[in-house]
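Trainee: Could we go through this structure together, one question at a time?
Mentor: Gladly, here it is.

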Amino acid sequence: MKFLYLAYIATWTIHSLYILYLTSRYKRLREERKELEKE
Amino acid sequence: MKRSFTFFALLTLGLLCYALYQGMVVAPTEATMGDVQRIFYYHLPHAWVAFLLFFTNFLASIWYLVRRTQQSDALALASAEVGVVFCTVVLVTGPLWARPVWGIWWTWDARLTSTLVLWLIYVSYLVLRRFATGAQTQVLAAALAIFGFVDVPIVYLSIRYFRTQHPQPVIAGGEGSGLDPRMWTAVLWNLAGFLSFALLLIWQRYRLALAENAVEEAHANRALGPEAEMPAKPDSRGFAPEYGSAPKMGNKPR
């Protein structure tokens, strides 16, 4: 059972890290847009 | 747009929860391997979805080379990136299944090695896109993607043409292959859940790529000055000014 849980946890950790990466890119993009609008 | 995204996200969440229930509770315990076989319900759908995403990347790259549209380039990038994420899951869950069943984490057989090569090809594609500069980067990346896709059928066929440590195919694998119907149900629910999840990720990554392109263009136009943002208009003599400068002697009217 240990390996089964490890595999499921690893899967969702990888997906969560990718979602975090996408979120940070969206955040950076929003900031850049705001700066462009200011200029 | 936001409402349809929320609806799709909730649908995906529901599918994934039900798929987890199918894989952990409804599907029977495999006779020889025991509960560790249930890793299969995550491992196999991730592999199939990764293949599908790399195929999407292949088609989008061809489309880009023919039409040179931003949409095709954004789709190619999104599908490759999400494909690498899914392929990473395949490469992580495989050894976690292999260790208790084979007694080893990894072996250099045809299926495992060709899958690792596939992952490396698409990681190099993403590295090229991230760090290369110049006008030809997208064209080079599209060419790499088209040649890189050749490895997908090699991965798929590797367990049919080579003697491997990896288990034989469960679909069209000849006599003695196949699954218990309840196991099939769990595989299909997980496939539906992860396919839906992959579509959700691609949708977001595609929109992000297009928005980033638009911001980059806006930055470039800002840097070139107000003339660059204006469309070139011919002057009274019919000469089109290049970036706002006066026409050079000998230029022909365009």
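Trainee: What percentage of chain B do buried residues make up?
Mentor: This is a predicted model, where local features need pLDDT of at least 70, side-chain atom pairs count only at pLDDT 80 or more, and totals for chains, interfaces and linings use all residues. Residues are numbered from 1 along each chain as its sequence is written, while chains are lettered from A and ligands numbered from 1 in the order in which they are written. A residue is buried if 20 or more other C-beta atoms, placed from the backbone, lie within 10 Å of its own. Chain B has 254 residues, and the buried share is 31%.

Trainee: Is Val85(B) buried or exposed?
Mentor: Val85(B) lies in helix α3 of chain B, residues 70-102 (helices are DSSP runs of H or I, at least four residues, numbered from the N terminus). Within 10 Å there are 21 other C-beta atoms, so Val85(B) is buried.

Trainee: Which residues is Val85(B) in contact with, leaving aside its neighbours within four places in sequence?
Mentor: Two residues are in contact if their C-beta atoms lie within 7 Å. With those neighbours left aside, the contacts of Val85(B) are Ile14(A), His15(A) and Tyr18(A).

Methods. Helix = DSSP H or I, 4+ residues; strand = E, 2+ residues; numbered from the N terminus. Buried ≥ 20, exposed ≤ 12 C-beta atoms within 10 Å, placed from the backbone.
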